[in-house]
Amino acid sequence: SDDLDVSGGTGINVDGDSGVTIEDNLIVGHQTQIDGAGQLDAGALLANNTFDDSRAQAAVVRDARGGDTTTANVYGSIEQADSDANGDNVIEVSSGTYSDGANLNIDTDDIEVVGVATNIVIDSNVDLNAATSAVIENVDFTSGHDITQSSAGNPEVTVSDATFQNT
């Protein structure tokens, strides 16, 4: 289809609204695993494709925990999901190892990053730049990686159900 592109930094990029169906695929190693161009249901994309290879990641942005997705994208990067999120959104993170370079920057105010599966590993330092509040829940950090709050002011930061490995 002319509306489907599988090249570049995006795993699958849907350029139109021609009724493209994306299911039964293994998609790995992209900042944006699937770019639905506002035309597709990210929840259905997440449910109907596989992202659980050792190299795979899948994060979606929702308006609330378990709520509607706010973009038609499935992200392979928490930082990329954060860049498309708005305040009061939730980034739901599925199983996988997330390596966002040396630092994973969380810049969105009032954001929650919540693991919704097991075996969720962040293999980067997390730099919280949110000015008001941030929640990180149900994820594991590899040895030598930590969370740093670097924004001005005094934001409320909550970290719960996390494992910080020192191996």
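Visitor: What is the relative accessible area of Val 157?

Guide: This is a predicted model, in which local features need pLDDT of at least 70 and side-chain atom pairs count only at pLDDT 80 or more, whereas totals for chains, interfaces and linings use all residues. Residues are numbered from 1 along each chain as its sequence is written, and side-chain values use heavy atoms, with hydrogens and water left out. Val 157 is found in strand β15, residues 156-160, a strand being a DSSP run of E with at least two residues, numbered from the N terminus. Since buried means under 20% relative accessible area, exposed over 50% and partly exposed in between (1.4 Å probe, protein chains only), Val 157 counts as partly exposed, with a value of 34%.

Visitor: About what area does the nonpolar surface patch that includes Val 157 have?

Guide: A patch is made of residues with over 30% relative accessible area and no salt bridge, where like charges are joined within 9 Å and nonpolar side chains (Val, Leu, Ile, Met, Phe, Trp, Tyr) within 5 Å; a salt bridge is a side-chain nitrogen of Lys or Arg within 4 Å of a carboxyl oxygen of Asp or Glu. Accessible areas come from the Shrake-Rupley method with a 1.4 Å probe, and for residues only the protein chains shown count as cover. Val 157, Val 159 and Phe 164 together make this nonpolar patch, which has an area of about 230 Å².

Visitor: Which residue forms an aromatic pair with Phe 164?

Guide: The structure holds 1 aromatic pair, a pair being rings of Phe, Tyr or Trp (its six-membered ring) with centres within 6.5 Å, called stacked when the planes are under 30 degrees apart, edge-to-face over 60 and tilted for the rest. The pair of Phe 164 is stacked, at 4.7 Å centre to centre and 0° between the planes, and it links distant parts of the chain, 23 residues apart, with Phe 164 in strand β16 (residues 163-164) and its partner in strand β13 (residues 140-141).

Visitor: Which strands are at the edges of the open sheet of 4 strands?

Guide: The order in this sheet is β7-β10-β13-β16, with parallel pairing, and two strands count as paired if DSSP finds at least two bridges between them. One of these pairings joins β7 to strand β10 (residues 120-122) over 3 bridges, with Thr 97 standing opposite Val 121 in β10. The strands that pair on one side only, and so form the edges by the pairing rule, are β7 (96-98) and β16.

Visitor: Which residue in β5 is the bridge partner of Asp 35?

Guide: Strand β2 (residues 10-14), in which 5 of 5 residues are buried, runs parallel to strand β3 (residues 32-35) and is joined to it by 3 bridges. In that pairing Ile 12 has Ile 34 as its partner, while Asn 13 has Asp 35. Strand β3 also pairs with strand β5 (residues 73-75), in the antiparallel sense and over 3 bridges, and there the partner of Asp 35 is Asn 73.

Visitor: Which side chain does that of Thr 108 join in a polar contact?

Guide: Thr 108 lies in the loop between β8 (103-106) and β9 (111-115) and counts as buried, at 10% relative accessibility. A polar contact is a pair of N or O atoms within 3.5 Å, where within protein one must be able to donate a hydrogen and the other to accept it, and residues adjacent in sequence count only if both atoms are side-chain atoms. At 2.8 Å, the side chain that Thr 108 contacts is that of Asp 82.

Visitor: How far apart are the closest N and O atoms in the salt bridge of Arg 62 with Glu 92?

Guide: Strand β4 (residues 59-62) points Ala 59 and Val 61 one way and Val 60 and Arg 62 the other, and all are buried; it pairs with strand β6 (residues 90-93) in the antiparallel sense over 4 bridges. Arg 62 has 12% relative accessibility and Glu 92 has 11%, so both fall under the limit for buried residues. A search of the whole structure finds 1 salt bridge, and it links distant parts of the chain, from β4 to β6, 30 residues apart. Its closest N and O atoms are separated by 2.7 Å.
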